[in-house]
Amino acid sequence: MKLFKKGAYLISGREIVEENSDAQAVLAAKLPHVPKAEDAAKQTMAYKILSAHNESGNMEKLKIRFDKLTSHDITFVGIIQTARASGLTEFPVPYVLTNCHNSLCAVGGTINEDDHMFGLSCAKRYGGIYVPPHQAVIHQFAREMLAVGGGMILGSDSHTRYGALGTMAIGEGGPELVKQLLKKTYDINMPKVVGVYLTGKPAPFVGPQDIALAIIGEVFANGYVNNKVMEFVGDGIANLSVDYRIGIDVMTTETTCLSSIWETDSAVKEFYEIHGRSGDYKELTPGDVAYYDGMIYVDLARIKPMIAMPFHPSNTYEVDELNANLSDILAEVEKKALVSLDNNKVEYRLRDKIKNGRLYVEQGVIAGCAGGGFENICDAADILSGKDIGADEFSLSVYPASQPIFMELVKNGAVAKLMGAGATVRTAFCGPCFGAGDVPSNNGLSIRHSTRNFPNREGSKVTNGQIASVALMDARSIAATAANKGFLTSAEYMDVNFTKPKYFFDKTIYEKRVFNGVGKADAKVSVKFGPGIKDWPVMSALTPDILLKVVCVINDPVTTTDELIPSGETSSFRSNPLGLAEYTLSRKDPLYVGRAKEVAAAEKARCAGGKKEEMIAALPELREVFAKLDKIKSVDAGELQVGSVIYAVKPGDGSAREQAASCQKVLGGLANIAREYATKRYRSNLINWGMLPFLLDRADEKLPFANGDYLFIPDIFKAVQEERAEVKAYALGDTVKEFTLRLGEMTKDEREIILKGCLINYYRA
């Protein structure tokens, strides 16, 4: 694999000319006319699709209108509630509500099924599509029923990726979907486009997860594709089935790219035909000469079975490399893990899983939008045919990504092979991907063909002394490990005949169960509210000056959204903003909620019309803080918004879930301070919930404040209103220290949202 240091030209979709001092001469020798880089950049597939969906008239400042929207049952209640509060009358585009995250309805009494009934009633009232639990995971339904060549889909799930089918799809926080529901646009700068040139043919024992992990391992840490579009091209694409391409594509989210798009061909055309949607196919290729801002060259034939060790999909090794250096690599993984596990809160160990020189794992899972595809499961079944997984700790569970896939696996005998080997086969469910299903035991190691292996995700509660590990692998090597009864094994060493059965899609499964109300909104239908579905609390507008208390400092290199708001059992409370907020940072900083509430008490006193003394009565430590403020600026306490702030080096990696920001907001959070934000979507979530996304220059290695300090930011309202890039701040610690915070680029609408206090206030105004 090679990462080009600069950009590259692609001629006729097959010949790469790297941008360097010789590039123009090389191009001149091959072309009658050498285009400028800015003109050739318009020949990418990404540029053409974005241009077709842009309403700004300016390709540098995009205003995108999406064709379709998707959400699942952890996110759609909050989205629709926000849109309802902002004036929603009907869904303006097809909006699909799947029920694949809280499918089990096992936690919180009737909460989960109440959310589902809310979704069905909203699909009827506002004209949407409702997919009942166990029918399909969100992304498989979108592949089968929504993707359109040249189209764009926005989803409230980070793995919204349908590029292999010719659809540019983006995963975002809920408020961005609210904007689309209210006929507004998705406003971003034109993203850079990085080519991914695939050549060669993968070995039969190498699966899509292996290719994906190899790419993630090369590009995550260096930010090579951060917030860019990955455009897959090259002669190697023809050597991959569409299922295989989909398996690579969905994992592009873990590179932190914005979106992805692939060349399409006769195989993709056949995919649409199989699903009864031949008219939705469109051939996509780059222009004769396309320019890319970077290029990743991948020789598929040289990639071997891979494993991503805890606690990130980029922590990659070849399975053979791991097995050959077990003790050394496991020791390094343990050492890295201590950074995320706050060093000594739990005893974390992997080396004790070495038995007779081999690594033993307790669990295997093949599931979800990444692993639950037809070909992955068929190949796994062929590897396990006639074998058994044993009767010890190791277990194997398999989750087909949709009922149509499940049906075909039953018909072709794959399910019988799996069950005969001792595996359990479940219905479509995303739970194993976020800690709501197949949670490992304490100190357990699970290998999964799923999407993520973050800390605090798969059931771990470090503050309770509980820790479990997940390593990501391809379904084929998971099956090989299962065939060897839990001892880590590369699929390369299995003697197997892959039968590669043909897939037949039965659309009647959806016709019988999925409610399709597109174009049939009925205002007479009443929305069904369960007792656990709550409205958003009132949120105040920004005041001229603000006072922030630092209530959490996280020095980890990266902070995931799962650490900001845990997944798993907390998902049952995602329709109740205040109830869910109680879990904010609970697995990272258990004292955060209490500290934030103490600060919020002072703000409540201010909003109730209180003066300085009432605010001090609510939070006595403010007396000393006000004394320090008087030396900087004379302020009216009644016009001084008081809130909490967290600092993290690089927050927001991973999930699109808006609750990572909204939970801070409902607890009185007013800002984040970061060296940089891991993803565009997390920063968007902060802004949409009225939280200031401050940046602290990386050059300033030492923080100018400590946990527990107050920060005074004067004239913040004017700074936002006047589009200032920087603001002056004061740390009110033992001494008063002045420092600078940056706001970063924001659109006019984003600044208005901050000034109004949140997106709901913005639309109400």
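**Notebook: aromatic pairs and charges over rings**

I looked up tyrosine 682 and found that at 1% relative accessibility it counts as buried, where buried means under 20% relative accessible area, exposed over 50% and partly exposed in between, with a 1.4 Å probe and protein chains only. Tyrosine 677 is buried as well, with a relative accessible area of 8%.

I note that this is a predicted model, in which local features need pLDDT of at least 70 and side-chain atom pairs count only at pLDDT 80 or more, while totals for chains, interfaces and linings use all residues. Residues are numbered from 1 along each chain as its sequence is written, and side-chain values use heavy atoms, with hydrogens and water left out.

I then searched the whole structure for aromatic pairs and got 21; rings of Phe, Tyr and Trp (its six-membered ring) pair if their centres lie within 6.5 Å, and planes under 30 degrees apart count as stacked, over 60 as edge-to-face and the rest as tilted. The pair of tyrosine 677 and tyrosine 682 is tilted, because the ring centres are 6.3 Å apart and the planes stand at 40 degrees.

I next checked phenylalanine 705 and phenylalanine 739, whose ring centres are 5.9 Å apart with planes at 45 degrees, so this pair is tilted. Both phenylalanine 705 and phenylalanine 739 are buried.

I also recorded one aromatic cluster formed by Phe91, Tyr95 and Tyr126.

Last, I looked for charges over rings (NZ of Lys or CZ of Arg within 6 Å of the ring centre and within 35 degrees of the ring normal). Lysine 228 lies over the face of tyrosine 224 at 5.9 Å from the ring centre, and lysine 355 lies over the face of tyrosine 360 at 4.2 Å from the ring centre.
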